[in-house]
Every structure is written in structure tokens, then in C-alpha cells.
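Please keep the sequence and the model at hand while going through the points below.

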Amino acid sequence: MTEKKRIIFHVDMDHFFTAVEEREHLEYKGKPVVVGADPKQGKGRGVVSTCNYEARKFGVRSGMPISKAWKLCPEAIYLPVNYALYTRVSERIMEILRKYTDKFERWGIDEAFLDVTSKVKDFAEAETLAREIKQQIYSEEKLTCSIGVGPNKLVAKIATDIQKPNGLTIVKEEEVGKFLAPLSVRKLLWVGRKTETKLNSIGVKTIGDLARCDPTVLTEMFGGVGGQMYLMAHGIDRSEVEERGEVKSISRERTFEQDTSDFGLVLETLERIAKEVHEDVLSQSLYFKTVTIKVRYENFETHVHGKTLPFITNRLQDLQKTARELLEAYFRADRKIRLVGVRVSTFVSAERQKTLV
Ligand code: TTP
Ligand code: MG
């Protein structure tokens with residue numbers, strides 16, 4: 001069977017939340033900036049949502065406890081998460097990108113895939129188009145992005161990360177093997193730290209090592225996922241770029257009978273409703289990537305805070321752990337909570353997950 005060769009773009013904004021903050025406050029330019037929980041002079045709970053590249057030089061990273069970030073870089077500018085602002089900017093960027101192709105797929109708040117097969121005749125034209133997109137986003141939004149170009153979504157997404165910020169990485173079909181081989185297995189979509197340790201234990205460190213494995217050994221070790229990993233290691237991904245419309249999010253919330261400052265109770269409630277959300281996720285055969293919590297204090301002041309995971313998942317523990325981390329930033333002994341909620345979004349159906357390989 002001869003398949004039409006595809007050309008896929010993956011676009012990812014650079015240090016998105018902090019880039020938006022820098023744009024709004026020119027005085028931050030050149031200084032380390034961290035967006036996330038309040039560091040409270042090193043005693044704060046919660047995590048870093050993201051940080052700019054100046055802060056990354058000090059070792060600060062997304063998902064790190066904010067207290068650790070403070071230790072590494074107390075001089076950084078620490079800002080709360082202004083989700084409403086980033087969502088507005090994200091919508092405008094997606095509108096720009098959507099105009100370039102009818103085969104478009106949003107993937108998280110600052111990422112999207114574009115299938116430009118029918119818009120360009122080869123990779124040279126694809127490069128020109130990618131530069132045009134970068135230029136348009138910059139001139140309209142004063143933000144930079146990185147673009148990965150490849151024969152499928154998997155390769156394009158891995159390529160984006162190779163040169164960041166403001167990068168453009170092109171991997172032609174015939175270059176895929178050479179491109180993937182030296183990279184760590186962690187670069188593959190579903191390989192987390194645990195899987196990496198297991199793979200390392202059989203001497204597999206790079207994607208090239210994985211590609212040389214016997215697929216039956218991988219299936220024995222990891223079940224069905226093992227077979228998927230093997231195909232991915234060979235850069236094979238037939239999934240289509242398509243907008244997922246129908247289900248936007250699944251959420252639950254609870255109002256306490258009496259406003260409470262009992263953190264244990266709030267946490268337990270959050271975990272219980274996360275379990276309900278998770279049951280819905282499983283019953284609809286979905287995978288999610290973004291977890292958002294909602295906290296309303298007794299005076300009705302309401303906060304919504306989300307985190308997009310670096311992987312897609314359908315595991316209860318990922319949902320509960322992320323929700324718990326997000327909640328920690330809002331717990332204050334002196335403030336009673338009236339309501340908590342949890343939402344998951346950015347879905348992939350199990351059907352599509354299977355077709356990704
Ligand atoms: P990313 O694209 O993963 O990160 P980034 O845009 O900040 O940096 P990079 O230049 O490496 O792409 O995530 C997009 C946004 O999602 C990020 O700006 C903040 C948010 N986010 C979280 O809130 N928590 C997280 O753990 C991660 C990874 C991201
Ligand atoms: Mg990004």
C-alpha cells in the first residue's frame with residue numbers, strides 16, 4: 001500500500017505563561033521570571049507552572065515545588081498564574097494557526113498540530129511556510145514559538161523540542177531513523193520516569209536502542225504499550241491531525257455543608273470528586289492531558305488553576321496527584337473554603353490513542 005507522504009507541523013509557544021507576562025510588563029525583560037504558586041519567601045506550597053529561559057539557567061523547571069525554585073533563584077520575579085489572560089492569548093494564536101490549514105488540531109494551551117500536506121509540495125516549501133507562521137505570530141502577538149516539521153505527529157512533536165526557544169527543526173521522512181536514534185527514550189510520548197528506569201535496566205537508553213529491541217520482549221515487559229513503544233521508536237505514527245470537538249471537559253464540584261479550613265477534609269473531598277471524574281473518563285474511553293481545579297473561598301472569591309501534563313493519561317493517580325498539587329497553593333489556615341471542583345480536558349479517545357501508532 002502506498003500512502004501519501006504527509007507533512008505535519010507541531011507548533012509550541014516558548015515559555016508560554018512567562019512570555020505573555022513579559023510582553024505585558026516590559027520591565028521583566030532579561031530577568032528570571034517564574035509563574036506559579038506564591039513562594040512566600042521559600043515557605044510557599046504548590047509548584048512552578050513555568051519559568052522563562054533566564055530562570056531555567058538557575059535550574060528552575062515546570063512542576064518543581066515553588067520552595068525549591070525559591071532556593072535556586074530567590075531573585076526571580078514570582079507571579080501568580082493569570083489563566084484568563086493566557087487563555088485569551090492562546091485563543092488568538094489558535095485562530096492565526098487555523099487559517100493556515102483545514103487540518104488543524106489544538107493540543108494543550110500553547111501547542112497545535114497542522115497537516116500542511118495539501119499546502120506545500122515539499123519540505124523546502126514547508127520551511128518557508130513555517131517561517132511565515134512564526135513571523136505572523138510574532139508580528140501579531142509579539143511572542144515566539146518553536147516549530148517541528150516531520151512526516152507525522154510523533155516526529156514533528158519531538159522535533160519541536162530540539163531547538164527552543166524560537167527554533168525550527170525539520171526532519172524529512174528519510175532522516176527519521178538518524179534523528180531519533182541518539183535521543184533519550186524519555187522523548188517518546190508515553191515514556192515516563194518509571195518506564196525509563198525499566199528500559200535502562202535492560203540496557204535501553206536511547207530511542208535507537210529501543211528500535212533494536214525484540215518487540216516480543218517489550219510486549220512481555222509492558223503489555224500492549226510495549227508494542228506501541230517499538231513502533232514509535234521506529235518513528236511510525238499514522239494518526240491523523242484532527243480537531244477533537246465533541247467533549248470539551250468533564251468536571252465535578254462540591255460545596256461544603258459548612259465553609260471549612262480543614263485541609264484534610266478539603267483534600268479528601270477533592271480526591272473523591274476526582275475519582276468520580278475519572279470514572280466518567282474511563283466510561284467514555286478517554287485520555288486527558290489537562291487537570292484544572294476550582295477553589296471558592298467563603299467570600300465567594302473563586303480561583304481556577306490548571307496544569308497541562310507533559311503526557312496524556314487516563315490514570316486516577318495522575319489526576320489526583322495533579323489536583324492535590326494544585327490545591328496546595330490555595331490552602332490557607334485563615335481562609336475558609338466554600339467549594340472545590342476538578343476538571344479534566346484536552347481529550348484523546350482510546351480509539352485515537354490506538355491509531356497513534
Ligand atoms: P510547555 O509548552 O510544556 O512549556 P512552556 O511553553 O512554558 O516552555 P517551552 O518553551 O519549553 O515550551 O507548557 C505550556 C504552558 O503550560 C506553560 O507555559 C505553563 C503550563 N504548564 C503548567 O502549568 N504546568 C506544567 O507542568 C507544564 C509542563 C506546563
Ligand atoms: Mg511551550
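The count comes to five aromatic pairs, where rings of Phe, Tyr and Trp (its six-membered ring) pair if their centres lie within 6.5 Å, and where planes under 30 degrees apart count as stacked, over 60 as edge-to-face and the rest as tilted. One of these is the tilted pair of Trp70 and Tyr78, with 5.5 Å centre to centre and 40° between the planes.

This is a predicted model, in which local features need pLDDT of at least 70 and side-chain atom pairs count only at pLDDT 80 or more, while totals for chains, interfaces and linings use all residues. Residues are numbered from 1 along each chain as its sequence is written, chains are lettered from A and ligands numbered from 1 in the order in which they are written, and side-chain values use heavy atoms, with hydrogens and water left out.

**Rings and charges**
- Tyr78 has 17% relative accessibility and therefore counts as buried, a term that means under 20% relative accessible area, with exposed meaning over 50% and partly exposed in between (1.4 Å probe, protein chains only).
- Phe16, Phe17 and Tyr86 are linked into a cluster by ring pairs.
- The charged end of Arg56 sits over the ring of Tyr53, 4.2 Å from its centre, a description that requires NZ of Lys or CZ of Arg to be within 6 Å of the ring centre and within 35 degrees of the ring normal.
- The ring of Tyr297 has the charged end of Arg335 over it, at 3.8 Å from the ring centre.

- Strand E1 covers residues 8-13, and because six of its six residues are buried, E1 is largely enclosed by the rest of the structure; helices (H or I, at least four residues) and strands (E, at least two) are DSSP runs, numbered from the N terminus.
- From E1, Ile8, His10 and Asp12 point one way, whereas Phe9, Val11 and Met13 point the other way, and all are buried.
- E1 runs antiparallel to strand E6 (residues 111-115), to which five bridges join it, and two strands pair if DSSP finds at least two bridges between them.
- E1 also pairs in the antiparallel sense with strand E7 (residues 145-150), over six bridges, and there the bridge partner of Asp12 is Ser146.

**Backbone details in loops**
- Lys164 and Pro165 are joined by a cis peptide bond with omega of about 0°, and Pro165 is found in the loop between helix H6 (153-160) and strand E8 (168-170).
- Gln41, a residue other than glycine, has a positive phi near 50° and is exposed, with a relative accessible area of 60%.
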